[in-house]
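Here is a short note for someone opening this model for the first time. Please keep the structure in view while reading the points.

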Amino acid sequence: MGVEGTLEYLSSLLSRARRGKKKRKQIQTVAVKIRMDCEGCARKVKKVLSGVKGAKSVDVDLKQQKATVTGYNVEAKKVLKAAQSTKKKCELWPYVPYTLVAHPYVSGAYDKKAPPNMVRKVPDTATINETGVDEGYTVMFSDDNPNACSIM
């Protein structure tokens, strides 16, 4: 093999190591709920959102009032700011599939305007304090203390 073969082998290993450390861009998706009335509104929203830095594709669903921006390193704040520049009422997409929520019918999660099989995204802490059972009732009928029940 010789010295030349060894040098080629070492240089190929070093070039592979440099290529492996290159930072890769990640594809991100940001969904925005925008009030759109007609096809003209949808075209305007699509044109504005396609101008966001890093946006590769923009999908507008007029029926669901939803615009989805997909691209490399797309930030939600920038997409929302661009959507607000259209002077239309907008917010980040608040809905998730109901299968991903632990308690989909807790107050605040169920929304009549939500698309089919979707509910509002609520934090898990919203269900912790919403217990209808008082602690006194559970202790009154305890099996551990038979004298606790004054009714019997």
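1. Thr29 has Thr70 in S3 as its bridge partner. Ala31 stands opposite Thr68, also in S3. Strands (E, at least two residues) and helices (H or I, at least four) are DSSP runs, numbered from the N terminus.

2. A word on the source. This is a predicted model, where local features need pLDDT of at least 70, side-chain atom pairs count only at pLDDT 80 or more, and totals for chains, interfaces and linings use all residues. Residues are numbered from 1 along each chain as its sequence is written, and side-chain values use heavy atoms, with hydrogens and water left out.

3. Now the whole sheet. It is open and has four strands, in the order S2-S3-S1-S4, with antiparallel pairing. S2 and S4 (90-92) are the edge strands, each pairing on one side only. From one strand to the next, the twist averages 25°. Two strands count as paired if DSSP finds at least two bridges between them.

4. S1 has two partners to check. Seven bridges link S1 and S3, in the antiparallel sense. S1 and S4 also run antiparallel, joined by three bridges. Here Lys33 stands opposite Glu91 of S4.

5. Which residues of H2 are buried? In this helix (residues 39-49) they are Cys41, Ala42, Val45 and Leu49. They lie on the same side of H2, because they cover an arc of only 100° around the axis. That arc is taken from the directions from the helix axis to the C-beta atoms. Buried means under 20% relative accessible area, exposed over 50%, and partly exposed in between (1.4 Å probe, protein chains only).

6. The other face of H2 is turned away from the buried side and carries the exposed residues Glu39, Arg43 and Lys47.

7. What does the buried side of H2 pack against? Its partners are S1 (27-34), S2 (55-61), S3 (66-72) and helix H3 (76-84). Contact means heavy atoms within 4.5 Å. H2 lies across S1, S2 and S3, and runs at about 160° to S2. Axes are lines fitted to C-alpha atoms, for helices over the stretch in contact, and angles run from 0 to 180 degrees between N-to-C directions.

8. Last, the cysteines. The structure holds zero disulfides, a disulfide being a pair of cysteine sulfur atoms within 2.5 Å. For Cys38, the nearest cysteine sulfur is that of Cys41, 3.6 Å away. Cys38 is partly exposed, at 38% relative accessible area. Cys90 is buried, at 17%.
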